[in-house]
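Thanks for coming, everyone. Please have the structure open.

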There are 4 protein chains.
Amino acid sequence: MNELPERLIPESPEPTLRSRSEGAENWLYRPITCLDHGFVYLVDYMGNDDAIVQAARVSYGKGTKRVSEDRGLIRYLRRHSHTTPFEMVEFKFHCKMPIFVARQWIRHRTASVNEYSGRYSEMSNEFYVPESSVLAKQAKGNRQGRGESLTAEQQKRVLALLKEDYDRSHGHYREFIDDMDFARELARIGLSVANYTEWYWKIDLHNLMHFLRLRMDAHAQYEIRVFADAMARILKDAVPIAFEAFEDYQLNSMQFSGLETKFFETHSWPMKPEAAEKEILEAFKNKRETQEFLEKLKKLNLISSS
Amino acid sequence: MNELPERLIPESPEPTLRSRSEGAENWLYRPITCLDHGFVYLVDYMGNDDAIVQAARVSYGKGTKRVSEDRGLIRYLRRHSHTTPFEMVEFKFHCKMPIFVARQWIRHRTASVNEYSGRYSEMSNEFYVPESSVLAKQAKGNRQGRGESLTAEQQKRVLALLKEDYDRSHGHYREFIDDMDFARELARIGLSVANYTEWYWKIDLHNLMHFLRLRMDAHAQYEIRVFADAMARILKDAVPIAFEAFEDYQLNSMQFSGLETKFFETHSWPMKPEAAEKEILEAFKNKRETQEFLEKLKKLNLISSS
Amino acid sequence: MNELPERLIPESPEPTLRSRSEGAENWLYRPITCLDHGFVYLVDYMGNDDAIVQAARVSYGKGTKRVSEDRGLIRYLRRHSHTTPFEMVEFKFHCKMPIFVARQWIRHRTASVNEYSGRYSEMSNEFYVPESSVLAKQAKGNRQGRGESLTAEQQKRVLALLKEDYDRSHGHYREFIDDMDFARELARIGLSVANYTEWYWKIDLHNLMHFLRLRMDAHAQYEIRVFADAMARILKDAVPIAFEAFEDYQLNSMQFSGLETKFFETHSWPMKPEAAEKEILEAFKNKRETQEFLEKLKKLNLISSS
Amino acid sequence: MNELPERLIPESPEPTLRSRSEGAENWLYRPITCLDHGFVYLVDYMGNDDAIVQAARVSYGKGTKRVSEDRGLIRYLRRHSHTTPFEMVEFKFHCKMPIFVARQWIRHRTASVNEYSGRYSEMSNEFYVPESSVLAKQAKGNRQGRGESLTAEQQKRVLALLKEDYDRSHGHYREFIDDMDFARELARIGLSVANYTEWYWKIDLHNLMHFLRLRMDAHAQYEIRVFADAMARILKDAVPIAFEAFEDYQLNSMQFSGLETKFFETHSWPMKPEAAEKEILEAFKNKRETQEFLEKLKKLNLISSS
């Protein structure tokens, strides 16, 4: 992985009085490969699980301070949306990804970013070529996802056409630059959104978890989920208690609307599937909301199978 | 209410091509009294329920556009945390509140604020004197709330001492200013956090709803809840569809953690109270989380009363 | 311009009690064409020059209120970086631009955005084809700009190759979608960054002026400058006093560093060019800073021509 | 200084692979006393001068990397408002200050904050009692500053009255809490804005420099300037190159408006004072702007003394 900024990797550890995370130290400068040419690695960090507790306790002044209570406090904070102490921990990543992934990523406005510039520098010949296995049809009933696979023949043709277009457009780009000295900021406009870019990305733990909740979701595009999953692996080691609470209270949680809790209160459980569907639809007067509630009830085993 | 900026109230309506909300128009320059000397009123607004739909639909390009589907779309957006279209609507309020309320309020960083300045201008003799009915003891089992009432005698004494302190410190302030021409920025440091301040506060609908969710909550201090409730009254008229969705999916919603949903799935409902408590505690190994889950289950009628 | 959301243009003005700007009203729903397929138009706005003054005066309480002083106050606020009152005015635009322009634009994080989605919807066949006149060589001595023109032959070849690539890649995209029902979120990755996208963009006046200062600058890429200039035209009419102050104190201002002001103080003016260059270089020990200072001095007529 | 969170001070340094600043390490957990009971100390940090350079260079890809050029690059970035690389460095402080100072401080919205809570915890008996030397009259010609000193007698009386009010109100507070078990969130409303509070405050270098530029300014209230100066001392050691550039291009810089640069260009320098004043007033038609320009010209020795 020749993109690593060699000069910056410290030859040996140096002493610090700062808060430290063993799990985070182990991930520094260790890239996780993402897609065909991409990566994510941890460049720097500030704080750890203790730093969250320390910040939260300033509210309580000289209150409880037993270390054994830290886990309970962190879970309490996440359960009750006391998010500010999680802003006290910071992560900085170096990431490389296709432009169409970068475009989704940058919509999260609470991070600091320094990106590679196609105005200053030449764009590489690296373009995202998907694995055949992810080439699928448009999903039914979901306007933005993927459904069943393309045929093997279709997959072959898609990859052939994409590669051909990448090659040709990059060939033209090189001709623009090398033969004409054409201004880089314009020469690159024929390159596709599959071309790779890279950036430094710095964000606090609260906002990173918000990003992960949206981008690890099954509805996020597969190609950005890969990057979110990579950062989640790092977080899990860097702030294990906070990450566990995040999994329990965000990733794996389930929410019920006011209409739904009212329906709960006024019925006996479990219900039979037909009765449930009929009565929910009557109460909600909306097919989609009815369907989503039914799915949650099934998952909770509150719809009897018989 | 002599604080109203008379000059700014338009004598008569003027024509505009902008999006318009009948409900919002009716609230312009109509203060809602809050606490003893405070108020909130709507100074200006941009957008309405349609503006949310309009912004959301830019994602879909030339997709569905039937007006009848607007309500469904707005509910869908809130249900699935698609919050950006709600940022497209903006409200501007003029508010007057005690300093200790302003201090909690300003913690929400996503608004624009212009506050009255005690460096430039003289502080008024208006201080918050609570109604007797809200003078209560420290809550048990909740480190920040209020519990049972003080005795009538205690209430009388509290109010007497507060008023006495307000009067004396403000008398000194006047002496500092009037007799000594003492710099205002220092003269005011003896005034209490019950002294009133005021500001212009501008915020988009997404962030306003986030503010309301936290500050209309039963755990918020009563004195800021009064202001949140006042703004909610205005919102309910200004963006009725969005507000209804907000009530259903945020204010009145209920969330279950991963641990809780797992417990759901692996048990039959309803459960008996003792069995439920015992088994949840065994699974969660945490008294507080057990208690909170039990309360939710009772609310949903999933704990049999017998 | 068939992209305009016809349904949303009000048939006739409606009465409002809100603050109103005659200049802004005239720009509502009137697109300014930008590049070959792009546009910017004003969708909605909140506030005007008066709203800035009104917010600023809340600091002063019941202070001066003569309308004749408004201009002086607005200029004072901008001169002394009192920026919060400018946040009280808001603009919402509908914009259509090539993806590479959108990528620079979105770096400004203080706006609200709803963008067209290539996951939900099909990408159009509109790609940016530059005018021949803007096809230039890489700038010398400036790593990101443009220098002298390409030859006529080179320009012809550039445009031919770009168009060919646009057509071929879009042909493949249509084949992916029409013949294979390939998922839209992947089918589009072969399309170039010259493909057009569009969005709703809402921002307050303070942050919009910050955006304009950076993107109207001679160092900004020509293709985004076109959009910045279009919005500046609208602002000039919408908030004429604030815009004039912005021009005087930001766009046309000149800044001198501590080193430079010190050099000023300790020399007599005007200086001869050779002496100036020699002495500045001695003082600054940096060629680039010397050169930039000399240019400013020449512009101010402080370097004698003889 | 018994407020220091003893448990958190590491007994000995630990090894880290993170970027490190010798100057910052030396300031960790070393409070700087501010006013009578306040302090600021560095709790944690991320990054150093190198981290700024590293982030900036991602734009250039595999460009210049000589260490000797770092200073030039950092100065270039600040000179041309390329501020994003400065966001890559982060500082976390523990601060204790009077409430009226905290109220000015919190207006900077780009930081993360966890504050001591008077709802959860009891307020201390620490109130800001100014030094006699800072007790001054309201400034003339500047609506928010201080002018000449109060008389010694006045100073004595001010301090006596302030202390008396502090004591009495805090006595009442203790009675409310100790004798009545009055809810803390209400019991504290009689305490003045001179009462001390404390918080954790985390901010990136770009935004910290913006804060310092405003709060180290001569127009900022003395009591917050003390805290800004303390943090500046720490920064100067932590990021020496960036701080020097900040001093040169922000703190000590001077700005000229478009009107002023135009006046420069069209006149010969130096000018005589009377002629300058007359001609500037004619050109500017504004007394205040004329006066401010004259002061800058005098500072630059462009007004001849004779």
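One term before we start: two strands count as paired if DSSP finds at least two bridges between them. Keep in mind, too, that this is a predicted model.

Now chain B. Take B:Thr33. Which residue is its bridge partner in strand 3? The partner is B:Phe39. That pair belongs to an antiparallel pairing of strand 2 and strand 3 of chain B, made over three bridges. In general, strands of a sheet pair through backbone hydrogen bonds, either parallel or antiparallel.

Step back to the whole sheet. In chain B there is an open sheet of five strands, in the order 2-3-4-8-5, with antiparallel pairing. Which strands are at the edges? Strand 2, residues 32-34, and strand 5, residues 112-115, each pair on one side only. From one strand to the next, the twist averages 25°.

A helix crosses here. Helix 7 of chain B lies across strand 4 and strand 8 of chain B. Its direction is at about 130° to strand 8 of chain B.

Helix 9 covers residues 240-251. Its buried residues are B:Ala242, B:Phe243, B:Ala245, B:Phe246, B:Asp248 and B:Tyr249. Note the charged one in that list, B:Asp248. What covers them? From chain B, the cover includes helix 2, helix 3, helix 7 and helix 8. Chain A contributes too, with helix 10, residues 258-265.

Over to chain C, and its strand 4. Buried or exposed? Nine of its nine residues are buried. Look at its partners. Strand 3 of chain C joins strand 4 of chain C through seven bridges, antiparallel. There, C:Tyr41 stands opposite C:His94. Strand 8 of chain C pairs with strand 4 of chain C over nine bridges, again in the antiparallel sense. In that pairing, C:Pro98 has C:Tyr196 as its bridge partner.

Now the contacts between chains. First, B with D. Here 41 residues of chain B are in contact with 40 residues of chain D. Which element of chain B gives the most? Helix 5 does, with 10 residues. On the chain B side there are 22 nonpolar, eight polar and 11 charged residues.

Next, D with A. This time 48 residues of chain D are in contact with 47 residues of chain A. On the chain D side, elements that supply at least two residues include strand 1, helix 2 and strand 5. Strand 8 of chain D gives the most, with five residues. By class, the chain D side divides into 22 nonpolar, 12 polar and 14 charged residues.

Three bridges join strand 1 of chain A to strand 1 of chain D, and the two run antiparallel. A:Thr16 has D:Glu14 as its bridge partner.

How are these two copies related? Chain D can be laid on chain A with an RMSD of 0.1 Å, by a turn of 180° and a shift of 0.0 Å along the axis. The two copies are therefore related as by a two-fold rotation axis. Which C-alpha of chain D is nearest that axis? The C-alpha of D:Pro15 is, at 2.1 Å. The same surface serves both copies, and 98% of the contact residues of chain D recur in chain A.

Last topic: backbone geometry. As a rule, most residues other than glycine have a negative phi, and most peptide bonds are trans.

Start with the peptide bonds. A:Trp269 and A:Pro270 are joined by a cis bond, with omega about 0°. A:Pro270 lies in the loop between helix 10 and helix 11 of chain A. In chain C, the bond from C:Trp269 to C:Pro270 is cis as well, omega near 0°. C:Pro270 is in the loop between helix 10 and helix 11 of chain C.

Then phi. B:Asp181 has a positive value, near 55°. Its place is the loop between helix 5 and helix 6 of chain B. Why does B:Asp181 count as partly exposed? Because there are 17 C-beta neighbours inside 10 Å, and buried would take 20 or more.

C:Tyr29 also has a positive phi, near 60°. C:Tyr29 is in the loop between helix 1 and strand 2 of chain C. With 16 C-beta neighbours inside 10 Å, C:Tyr29 counts as partly exposed.

That's my tour. Questions, please.

Key
Residues are numbered from 1 along each chain as its sequence is written. Chains are lettered from A and ligands numbered from 1 in the order in which they are written. This is a predicted model: local features need pLDDT of at least 70, side-chain atom pairs count only at pLDDT 80 or more; totals for chains, interfaces and linings use all residues. Two residues are in contact if their C-beta atoms, placed from the backbone, lie within 7 Å. Helices (H or I, at least four residues) and strands (E, at least two) are DSSP runs, numbered from the N terminus. A residue is buried if 20 or more other C-beta atoms lie within 10 Å of its own, exposed if 12 or fewer, and partly exposed in between; C-beta atoms are placed from the backbone. Axes are lines fitted to C-alpha atoms, for helices over the stretch in contact, and angles run from 0 to 180 degrees between N-to-C directions. Copies are superposed by least squares on the C-alpha atoms of residues with pLDDT of at least 70 in both.
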